[in-house]
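This report describes selected local features of one protein model. The sequence and structure come first, followed by the text.

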Amino acid sequence: MNQIAQPLRFEEPRTSDPAPRPSIISWNLTRLCNEHCRHCYLNAGPYADRSDELSTVECLEVLAQLRSLAPGALLIFTGGEPLLRKDIYELTRAGHEAGFTVVVGTNGIRLTAERLAQLREAGVQGVALSLDSLRPEVHDSFRGRPGAWQATVASIQNLSEEGFPFVLQTTVSRANLAELADLVAFAADSGARTYNLYFLVPTGRGQTFTSDITPAEYESLLRDIHAWQKQYAGRLLLSAKCAPHYQRVLWEENPESPYLRAFDQGAGGCPAGMHYLGIRPNGDVTPCPYLPLYGGNLRGQSLADIWYDSDLFRQIRQRQAMADRCGACEFRLLCGGCRARAYGVRGDVMAEDPWCEYTPGAHGGRPIAANGSITYGIEADAELVWTPEALRLLEVIPAFVRGRVRRGVESYCRQQNEQVVTVEIMQQARQGRGPFGLKKPWSR
């Protein structure tokens, strides 16, 4: 942790590999945490063992490999509590300078105005905070720390006052199911860009924590989320995390829904191992933070070799080999089930997602896919002329949505009978006069 930082090393990418590059990286920097959450997938806490944690120098070397493997990716620094690492500002600055969109996942307890200013200066473009109830006693019990709710809400107020982009997140459980509509309203009123509802994956301490929500209740909640999306359109973007079957629900409500999304290369709604990877504090590399299986360790293997060549990553990309209902389902290209939950419940990463109640064949049995214009992870070559200033703005957009943004902006440009994409055109599209009516899909 106290080693002297070295310059980032840049290696040429392996352009001949057929697998997609990762475009979202979730990096658990530490298991140390000032909370002890009942559902923590990492078993983090105040007395966590840090003896095998990657040093500052090792982290910088990993950043160099990421820069080669996943240029322009969305890089999420999380924990434990990442703000407990003394080198967090050095790492976020290095990530920003390497061209990543850097965000920080924090519980908010240490997110003072001073730290917020330091994060901004270090190039952080957003933070994500967890709020599991509007009742302090429920949140504090869930998070294992008295006063956690008060500290997190104070941080939300700081973020809102400073105009710093932030996301609110809630893990759904029996304790908060009845107040989710109020939490959505709170997120919108607080100025959050996005509100993520997480559907529990039984891993880590989550193996012993039960949400007590039945599959039928989850199905009903997914339809509530769809209704809330329409209700708060233009103010708040809602997302169901670890619930790719939400895409099937959206399709059933409206096959042309603007909220439908999928990932390229047949990943469906679960990008694990296709466009997404997780790094543990000791350098273990997994297709998903909630999946306790590893393709290798960065102390002994390069990131590219793990991503392209490990048996685990190769297996999880064979989505056509999914078993049981997921393998037979017509929504396998749009949904595909949660691979981490399949492993957590069935012990098989390619098994069916047990929290989905859909019976394959009810919609005809033929594979159903999202419209390509709303598929993440795709590349898109420019068809119009872009000014240098517009190209620079495009480059700061995370890689996994860049192709979609490019195509959307060019479509808007044609509608306006313009042949050159300028910053002004991009701003018009962003402000809702074009294809991106949701609140600021990108920001500096």
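## Cysteines, rings, backbone and cavity

At 8% relative accessibility, Cys 37 counts as buried, where buried means under 20% relative accessible area, exposed over 50%, and partly exposed in between (1.4 Å probe, protein chains only). The model is predicted, so local features need pLDDT of at least 70 and side-chain atom pairs count only at pLDDT 80 or more, while totals for chains, interfaces and linings use all residues. Residues are numbered from 1 along each chain as its sequence is written, and side-chain values use heavy atoms, with hydrogens and water left out.

A disulfide is taken as a pair of cysteine sulfur atoms within 2.5 Å. A search of the whole structure finds zero disulfides. Cys 33 is in no disulfide, and its nearest cysteine sulfur, that of Cys 37, is 5.9 Å away. Cys 33 also counts as buried, because its relative accessibility is 9%.

Aromatic rings are treated next. Rings of Phe, Tyr and Trp (its six-membered ring) pair if their centres lie within 6.5 Å; planes under 30 degrees apart count as stacked, over 60 as edge-to-face and the rest as tilted. The count by this rule comes to eight aromatic pairs, and the table gives two of them.

| Aromatic pair | Centre to centre | Angle between planes | Class |
|---|---|---|---|
| Phe 199 and Tyr 218 | 4.8 Å | 45 degrees | tilted |
| Trp 307 and Phe 313 | 5.4 Å | 50 degrees | tilted |

Helices (H or I, at least four residues) and strands (E, at least two) are DSSP runs, numbered from the N terminus. Phe 199 lies in the loop between strand 6 (194-198) and helix 7 (215-231), and Tyr 218 lies in helix 7, so their pair ties together parts that are 19 residues apart in sequence. Phe 199 counts as buried at 2% relative accessibility, and Tyr 218 counts as buried at 1%.

In the other tabulated pair, both Trp 307 and Phe 313 are buried. Arg 317 lies over the face of Trp 307, at 4.5 Å from the ring centre; for such a contact, NZ of Lys or CZ of Arg must be within 6 Å of the ring centre and within 35 degrees of the ring normal. Elsewhere, ring pairs link Tyr 41, Tyr 198 and Tyr 290 into a cluster.

Some backbone geometry also deserves a look. Gly 79 and Gly 80 are joined by a cis peptide bond, with omega of about 15 degrees. Gly 80 sits in the loop between strand 2 (74-78) and helix 2 (88-97). Asp 324 is not a glycine, yet has a positive phi of about 55 degrees. Asp 324 belongs to helix 11 (residues 324-328) and is exposed, with a relative accessible area of 54%. Asn 417, also not a glycine, has a positive phi of about 60 degrees. Asn 417 is found in the loop between helix 14 (399-415) and strand 14 (420-421) and is exposed, its relative accessible area being 68%.

How many cavities of 30 Å³ or more does a search of the whole structure find? The search finds one, a cavity being a set of points on a 1 Å grid over the protein atoms alone where a 1.4 Å probe fits but cannot get out. The largest cavity has a volume of about 140 Å³, volume being the space filled by probe spheres set on the points. Of the 15 residues that line the largest cavity, the closest to its centre are Arg 325, Cys 326, Cys 329, Cys 335 and Cys 356; lining residues have an atom within 4 Å of a point.

Conventions: 1 Å grid on protein atoms, 1.4 Å probe; cavity = no way out; pocket = protein on both sides within 12 Å on 5 of 7 lines; lining within 4 Å.
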